There are 2 protein chains.
Amino acid sequence: MNFEERLAGRTQRMTASAIREILKVASSPGVVSLAGGLPAAESFPIEIMEELTGAVLAKYGAQALQYDASEGFAPLREALVPHLAARGVTAKPDEILVFSGSQGILDTVGKIFVSPGDVVAVEAPTYLGALQAFNPYEPRYVELETDDDGLIPESLDHALATEPVKFVYLVPTFQNPTGRTLSLARRRQVAEILVRRDALLLEDDPYSDLRYAGERVPPIKSLAPEHVVYSSTLSKTFAPGLRVGFCVAPDDTRRWMAIARQGVDLHTSTLAQALSAEYVGGGYLERQLPRILEIYRPRQQAMLAALERHLPEDFRWTRPEGGMFVWVRGTAGIDTERLYPRVVERGVAFVPGKFFYVHQEDGISTMRMNFTAAGPETIDRALRIIGDVIAEELAARV
Amino acid sequence: MNFEERLAGRTQRMTASAIREILKVASSPGVVSLAGGLPAAESFPIEIMEELTGAVLAKYGAQALQYDASEGFAPLREALVPHLAARGVTAKPDEILVFSGSQGILDTVGKIFVSPGDVVAVEAPTYLGALQAFNPYEPRYVELETDDDGLIPESLDHALATEPVKFVYLVPTFQNPTGRTLSLARRRQVAEILVRRDALLLEDDPYSDLRYAGERVPPIKSLAPEHVVYSSTLSKTFAPGLRVGFCVAPDDTRRWMAIARQGVDLHTSTLAQALSAEYVGGGYLERQLPRILEIYRPRQQAMLAALERHLPEDFRWTRPEGGMFVWVRGTAGIDTERLYPRVVERGVAFVPGKFFYVHQEDGISTMRMNFTAAGPETIDRALRIIGDVIAEELAARV
């Protein structure tokens with residue numbers, strides 16, 4: 001048996017190498033990367049980590065280093081109750097599960113629901129990491145239409161009416177990759193459709209705490225609690241290197257998720273969970289969040305100003321009130337993947353938008369830009385370079 | 001669509017509730033549990049954790065809290081090189097992958113190789129957590145025969161000759177559940193068979209550092225490097241609550257493992273990996289290991305003495321030189337699952353051995369006992385209670 005023959009059928013569905021190569025280039029030394037989704041290092045509460053570790057060991061002792069329940073570390077589940085309530089998600093500690101990042105939630109939901117050929121409905125474009133999580137379970141995707149305000153509810157209703165959708169995957173707030181936020185009116189429509197069609201939504205909400213302007217919008221979970229697995233993370237408001245995600249799911253789903261994840265990693269790092277319990281429950285998160293917003297707000301503004309300054313005026317982009325990304329759509333004929341090596345040559349990276357589409361041809365002219373990992377001046381300089389390369393491309397065509 | 005219909009086919013294969021119920025009872029307050037596989041809390045280097053955290057933040061700063069490569073945190077991969085070499089496993093840093101516990105390695109190997117119906121060869125009995133990891137990928141199992149010295153190599157040769165085995169799963173040293181260790185002579189035979197049959201072995205080695213007597217035996221990986229994924233963990237020699245496992249795999253396999261795990265959890269907690277890098281590379285592990293052995297050695301001896309003292313003389317059990325478990329086989333007609341509630345009623349728990357078999361009927365009279373989680377006197381008291389219940393059972397039959 002040679003190696004290729006030994007691989008499972010599903011392994012063929014794991015991400016093609018193009019995007020991996022792009023992200024590898026983006027993380028080369030000396031490259032200003034607008035490609036990643038990295039929080040700023042300055043946003044981490046480094047100065048309290050030793051204090052936090054001391055507090056955790058004093059409070060939990062050896063328990064913080066021991067095996068723990070697959071469902072999650074009890075004090076963290078308790079600390080998350082008011083944190084979720086502040087977002088409008090009502091849950092008892094027992095109804096909260098902790099995973100190794102929200103990626104673990106995506107993997108587990110895919111694992112328990114998707115047999116090969118089963119239908120999963122996703123936005124066009126959607127989060128690349130979700131496709132990476134679901135793909136090994138060999139789904140067939142139905143793409144939901146979006147406009148400048150995000151998902152078009154009628155498109156969801158139509159998909160649920162015509163396809164046997166196992167679950168719907170949405171990032172309704174500051175979406176990755178577009179930064180768009182679904183309005184309250186559309187959320188109400190989506191909730192009504194989910195209930196009427198007896199459908200299940202995986203609502204991925206990693207960014208809603210990163211709001212720099214405007215008013216909070218309640219999660220869809222709060223509008224149709226029995227039809228939504230609500231997923232979030234501490235990666236953007238504490239530290240991604242802890243790998244702590246959490247979810248609130250309907251009872252049946254939650255039970256199977258706990259069983260399934262046991263086979264995957266037993267449970268999430270107890271130490272990381274104990275540190276998170278102290279961070280969320282001890283008031284540290286509340287104090288840190290305004291500092292994080294102070295770092296990101298000027299970066300977001302710098303990004304929007306730089307787009308205005310350096311991109312051709314017939315290019316369009318989103319103007320999100322929060323999150324980490326802006327989404328750019330070039331004029332017809334622009335192929336951002338073709339531009340990519342020329343931009344990288346000059347020391348800047350972004351993600352060509354096609355990788356966020358199931359049907360990649362729909363995203364040829366798009367690109368995702370992150371504004372949290374670099375300072376305002378660096379962002380301006382990076383956009384100038386991208387603008388220059390685009391201008392050269394357009395000039396060469398005339 | 002009702003809930004059951006929504007579940008994937010594979011979800012049916014996830015562990016039945018019997019063993020979950022047993023382990024839940026075993027962890028009830030007041031129960032002396034010989035059921036788990038928990039390291040002793042006293043074995044954790046709690047007193048150095050704050051110091052270690054300080055050292056890690058001084059050395060790596062924000063990097064220890066940031067997203068990191070799926071393959072693993074570079075300083076940990078480097079620190080593991082001499083650690084692995086001491087066991088006879090030669091690997092460059094790039095050839096080592098870090099996972100969220102060795103459970104993550106089991107899941108990933110299952111995921112990339114097993115299509116529904118594909119054959120995986122396992123020992124009878126084998127590690128329950130491995131079955132839990134592989135089951136969702138819907139393998140067909142071939143059971144390999146074992147005797148008092150572990151796997152019978154001829155049984156492996158026969159299985160590989162007659163079945164299209166995707167991979168073989170073995171725990172050759174201080175096996176879970178039996179505590180048995182495969183001799184060097186048998187390891188050589190196994191290595192020769194793997195090479196001759198061009199087969200792949202997943203060698204799970206969580207316990208080999210926990211040796212209380214006798215001489216180290218080299219891993220099968222060192223005898224057939226191109227045919228073995230070697231998996232180990234810091235759960236028994238640092239702390240399980242960090243969830244840090246690592247593996248050395250042939251090139252092709254390693255590449256796919258890194259891609260597959262990215263969809264599951266992106267990467268293992270950077271902080272946990274940085275602490276591990278400092279613990280392994282900074283000489284802490286070397287200082288802690290003798291202390292751990294000093295805690296476990298008297299417990300292992302107490303377990304063997306208590307078995308001798310309290311169990312009927314026609315019962316048989318293993319006498320492992322290390323690890324965490326002893327395996328007991330009762331006389332014909334003994335059903336350890338039926339004894340279980342009566343033992344628990346008196347405040348003691350173990351694991352009925354049938355759960356470690358693919359064909360559970362082969363393990364009716366067996367049980368697994370852990371000796372690391374309780375002190376010597378408690379172990380003796382627990383075995384006296386188990387002995388009493390067995391004596392009553394035998395008396396009732398006469």
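**Notes on the predicted model**

1. The copies meet through the same surface, because 100% of the interface residues of chain A are also interface residues in chain B.

2. The contact is made by 60 residues from chain A and 60 residues from chain B. On the side of chain A that touches chain B, the elements giving two or more residues are helix H1 (3-6), helix H3 (49-60), helix H5 (102-113), helix H6 (128-134), helix H9 (251-265) and helix H10 (270-281) of chain A. H9(A) provides the largest share of that side, eight residues. By residue class, the side of chain A that touches chain B consists of 31 nonpolar, 19 polar and 10 charged residues.

3. On symmetry, chain A is superposed on chain B by a rotation of 180 degrees with 0.0 Å of shift along the axis, and the RMSD is 0.0 Å. The two copies are thus related as by a two-fold rotation axis. Which residue of chain A comes closest to the rotation axis? It is A:Glu50, whose C-alpha lies at 3.1 Å from that axis.

4. As to the chain itself, the secondary structure of chain A amounts to 13 helices and 15 strands. Chain A has a radius of gyration of 21 Å, close to the 21 Å given by the globule rule for 398 residues, so it is as compact as a globular protein of that length. Along the principal axes, the C-alpha atoms of chain A fill a box of roughly 65 × 55 × 50 Å.

5. Buried residues account for 54% of the 398 residues in chain A. Of the contacts in chain A between residues at least 6 apart in sequence, 76% join residues at least 24 apart.

6. One sheet deserves a separate point. Four strands of chain A form an open sheet in the order S11-S12-S15-S14, and their pairing is antiparallel. Strand S11 (316-317) and strand S14 (351-352) of chain A stand at the edges with a single partner strand each, so one side of each is left without a neighbour in the sheet.

7. What joins S11(A) to strand S12 (residues 325-329) of chain A? Two bridges do, and the two strands run antiparallel. A:Arg316 has A:Arg329 as its bridge partner in S12(A). In general, strands of a sheet pair through backbone hydrogen bonds, either parallel or antiparallel.

Technical notes:
Residues are numbered from 1 along each chain as its sequence is written. Chains are lettered from A and ligands numbered from 1 in the order in which they are written. This is a predicted model: local features need pLDDT of at least 70, side-chain atom pairs count only at pLDDT 80 or more; totals for chains, interfaces and linings use all residues. Two strands pair if DSSP finds at least two bridges between them. Two residues are in contact if their C-beta atoms, placed from the backbone, lie within 7 Å. Ala, Val, Leu, Ile, Met, Phe, Trp, Tyr, Cys and Pro count as nonpolar, Asp, Glu, Lys and Arg as charged, and the others, Gly among them, as polar. The radius of gyration is taken over C-alpha atoms; the globule rule is 2.2 Å times the number of residues to the power 0.38. A residue is buried if 20 or more other C-beta atoms lie within 10 Å of its own, exposed if 12 or fewer, and partly exposed in between; C-beta atoms are placed from the backbone. Copies are superposed by least squares on the C-alpha atoms of residues with pLDDT of at least 70 in both.
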